[in-house]
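This report describes the sheet, a helix pair and a pocket of the structure shown below.

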Amino acid sequence: MKKSKDNFTSCLLLAAGTGSRFGDDLPKQFHYLSGKKIYLHTLEQFLEIPSIHEIVIVCSYSFVDEIKKDILNYPDENIRIAIGGESRQQSSYLGLLACDLRTTHVMIHDSVRPFISRDIILENIDLAMKYGASDTCISSHDTIVHTKDEKEISNIPNRKQYLRGQTPQTFSYPLILKAHQNAYKKGIENATDDCQLVLMEEHPVKIAEGSEENIKITTELDLYYAEQILRLKMTLPKAVFDEDTLSGKVFAITGGTGGIGSKISSMLKEKGAKVLELSRNSQYKVDLTDEVITQDVFEKIYKEYGELDGLINSIGYLKVQNLDILSSPDIKRLIDCNFTSFVYACKYCRIKDHGHILNLSSSSYIRGRKSYAIYSGMKAAIVNFTQGLALEKPSLHINSIIPKRTDTCMRRENFPNEEKTSLLSAEKVAESIIHTLLAKNLTGMTIEIKK
């Protein structure tokens, strides 16, 4: 992270909560969202901001060792850990005391708000530097109702005057530290909002515009909603392209002679990688729907090359026809080729630590499609399988790749009247996959490739 000569901004990520409303013994911030712990999704948003100089993760003592292990994946970043308290107020205060001595401003954020945007962060910092305090707020689409006894409506206030508070909240460090110290002197020990303490100091708090996406994951329903937000936001991961990164590495590609598979193979070879193509008509002839044969071919590969740097599953079969008309062999082939073969390949390949497994799915996984219900069902199964496998194998980078409609022979055979200009090129998909192979700290994700 870059450091400014004029100020030093610390970010407190509050991760000490017990998550009682989530209904699970494991605090919600440590649950997985698409293969990565929620608080790590949040952490990575702040690592992208040069004007954040340090991040202090405030957690309970029982999770210190787990977080220490997690942050080893970010060796070049200024991340520290502080032990939180029994309440949010206590955790904020202990986090403030743990800040770097150079701190001039501090941003406080819930670790379970993983969709915080760069714009919100920067506006908060700007307002806090100009005015001393800022809060992130959004308007309410619903009518606001006031009740005195929680049983009967007292009045309906003007909703324009009432906003929903989010985080981050950002302050001049001396101001927020003083606010906390004075609150304790007054016997206030369970405030749920830092701005509340600053307002008690009669210091104004400016408003930064929040976002509907900046949700706080509090319940299981929130976690489901977060998965959908992440799916819509997830495109290509950021990575610095290094021509030598793939040189000398060994990748197996199932369906390596097909439209997308052959393009991936060509591009990897151009980058100096060794490519092992697996299909019925390739270098390694194999029926991937047969478990024994698949196990044997991967054993042969292991004896020849040792552990692989990656496996890319691009095999697929599509036949557009209503279920009532599909033959039994076609039904079996649709299931086996589009799902079972992926399972066997993932089971029997041997991948180095920090290596990759990329499973190609399809945009049809989102919902069942008429006349290719089995195909779309299997593509949904691939996404769920990939997410689960990523949790089983945390030492690997395991992701689903979701190309939008792509110009391949298989596509043209089934949809001969489609306008070609509306389709992705196989080259574009292959380029995106190469890019994904260069990304760090990315696993369990559903990566959409768009035209």
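## Sheet, helix pair and pocket

In this predicted model, seven strands form an open sheet with mixed pairing, in the order 5-4-1-6-10-7-11. Strand 5 (79–83) and strand 11 (206–209) are the edge strands, each pairing on one side only. Direction ignored, neighbouring strands of the sheet are turned by 30 degrees against each other on average. Within the sheet, strand 6 (residues 105–110) pairs with strand 10 (residues 163–172) in the antiparallel sense over four bridges, and V106 stands opposite F171 in strand 10.

| Helix | Strands touched | Direction angle |
|---|---|---|
| Helix 1 (residues 38–47) | strand 1 (9–15), strand 4 (54–59), strand 5, strand 6 | about 170 degrees with strand 1 |
| Helix 4 (residues 118–131) | strand 1, strand 6, strand 7 (133–139), strand 10, strand 11 | about 165 degrees with strand 11 |

Helix 9 (residues 291–305) packs against helix 10 (residues 328–348) at an angle of about 35 degrees, the axes lying 9 Å apart. Their crossing is right-handed. In the contact, E291, T294, Q295 and F298 of helix 9 meet Y344, A345, K347 and Y348 of helix 10; by class, four residues are nonpolar, two polar and two charged.

The second largest pocket holds about 1,100 Å³ of space. It is lined by 43 residues, of which S314, I315, G316, Y317 and M410 are the closest to its centre. Helix 10 is among the elements that give two or more residues to this lining, as are helix 8 (259–270), strand 13 (274–279), helix 11 (373–392) and helix 12 (409–414). Helix 12 provides the largest share, five residues. By class, the lining has 15 nonpolar, 17 polar and eleven charged residues.

Technical notes
Residues numbered from 1 in each chain as written. Predicted model: local features only at pLDDT ≥ 70, side-chain atom pairs only at ≥ 80, totals over all residues. Heavy atoms only, no water. Axes fitted to C-alpha atoms, helices over the stretch in contact; angles between N-to-C directions. Left-handed = near helix turned anticlockwise from the far one by under 90°. Contact = heavy atoms within 4.5 Å. Nonpolar A, V, L, I, M, F, W, Y, C, P; charged D, E, K, R; others polar. 1 Å grid on protein atoms, 1.4 Å probe; cavity = no way out; pocket = protein on both sides within 12 Å on 5 of 7 lines; lining within 4 Å. Points joined across faces, edges and corners; volume = space filled by probe spheres on them. Pairing = 2+ DSSP bridges.
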